[in-house]
Amino acid sequence: VFGGRCRGCGRRYRAPTPAGMPPGTPFGPGIHALLAYLHHSHHVGFERLSRMCQELFGLSISEGAIANAFRRMAGKLDTACAAIKAKLLQARVIASDETTTRIDGVTHWQWVFVSEQAILHEIAPGRGRAVAEAVLDGHRPEVWVSDRYAGQQELGQTHQVCLAHVLRDVQYAIDCGDTVCAPKIRDHLRWAIRIGKRRPSLKDSTLAVYAGQAERRLDRLLGIPAAHPAGRELQRQIKAWRNKFFVFLHDRRVPPTNNISEQEIRPSVVFRKVTNGFRSAW
């Protein structure tokens with residue numbers, strides 16, 4: 001704040017602090033936003049962030065002051081998070097994924113929930129199904145999109161499994177030596193994904209024909225006798241998830257893979273690798 005000495009009476013004076021900035025908070029919302037942007041979007045750690053402020057902007061700010069600035073932002077971020085969650089719980093299709101993160105040296109799990117209108121990140125001590133149930137708070141979307149992890153099951157009325165993950169298992173069976181069943185399943189799933197990408201240009205009747213073809217051909221492939229153990233194991237896994245493969249061919253809103261969730265959670269993975277996680281739970 002500006003201050004000085006009166007030339008008439010000699011008394012010192014100082015201007016009042018700006019509204020909304022109590023004593024002890026010398027940094028305004030512009031600096032708070034810059035710190036948060038550099039830290040979370042560009043993965044700049046506290047020590048480097050303090051140096052950047054000094055060297056680029058001439059702003060002397062300690063690591064502790066940065067931490068306190070983030071802590072003071074918590075209330076507004078909680079409000080924004082509640083608004084995101086409210087919008088997420090209106091969605092009919094939700095995709096989800098999870099990855100590890102570290103808080104004060106302890107492994108936690110970071111979940112992401114993605115809809116057309118909202119993306120919510122949630123960090124929890126565990127990876128269990130209870131985390132997703134707590135976020136959904138009784139909401140049951142029409143379609144749930146995820147990998148085949150047990151904690152992601154039975155959260156929606158129907159479930160679309162990520163075909164990209166299935167293709168990895170198919171490729172593993174091929175690498176193990178299955179030359180009969182796995183290559184044909186690989187080609188069939190790739191064909192179905194290509195049809196999914198063409199959905200905007202397809203009529204409903206045409207898409208229904210493709211959906212029927214996809215279902216019937218997969219049934220035939222599962223009936224092929226697999227001589228290799230990896231092929232038999234692949235068939236067993238696909239049979240266990242049989243009715244969750246081609247939901248996207250019946251519902252245009254549903255993606256064939258869960259790549260959207262992995263893309264949204266990827267920056268957090270980079271953040272963890274660069275900064276080694278979070279220092280404290282807040």
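**Notebook: cores, a hairpin and one lysine**

I started at Val 170. Leaving aside neighbours within four places in sequence, Val 170 is in contact (heavy atoms within 4.5 Å) with Ala 182, Ile 185, Arg 186, Leu 189 and Leu 234.

Ground rules before going on. This is a predicted model, so I note that local features need pLDDT of at least 70 and side-chain atom pairs count only at pLDDT 80 or more, while totals for chains, interfaces and linings use all residues. Residues are numbered from 1 along each chain as its sequence is written, and side-chain values use heavy atoms, with hydrogens and water left out.

Next I looked up the cores. A nonpolar core here is a set of buried Ala, Val, Leu, Ile, Met, Phe, Trp, Tyr and Cys residues joined through side-chain atoms within 4.5 Å; buried means under 20% relative accessible area, exposed over 50%, partly exposed in between (1.4 Å probe, protein chains only). The largest one has 41 residues, and Val 170 is among those with the most contacts inside it, along with Leu 163, Ile 185, Leu 189, Phe 245, Phe 246 and Leu 249. Elements giving two or more residues to this core include strand E3 (93-103), strand E4 (106-114), helix H6 (163-176) and helix H7 (182-197). Apart from this core lies another, of 16 residues, with Leu 49, Leu 59, Ala 67 and Ala 69 among them.

Then Lys 244. I found this lysine in the loop between helix H9 (229-240) and helix H10 (259-275). Is Lys 244 buried or exposed? Lys 244 counts as buried because its relative accessibility is 13%. Beyond four places in sequence, I see Lys 244 in contact with Gln 153, Glu 154, His 159, Gln 160 and Val 161.

On to the strands. E4 and strand E5 (residues 119-124) pair in the antiparallel sense over six bridges; pairing takes at least two DSSP bridges between the strands. The two form a hairpin with four residues between them, and Val 114 has Ile 119 in E5 as bridge partner.

Last, the whole chain. I count ten helices and seven strands, as DSSP runs numbered from the N terminus (helices H or I, at least four residues; strands E, at least two). The radius of gyration, over C-alpha atoms, is 26 Å, whereas a compact globule of 282 residues would have one near 19 Å; that rule is 2.2 Å times the number of residues to the power 0.38. The C-alpha trace spans about 100 × 40 × 35 Å along its principal axes. Of the 282 residues, 43% count as buried.
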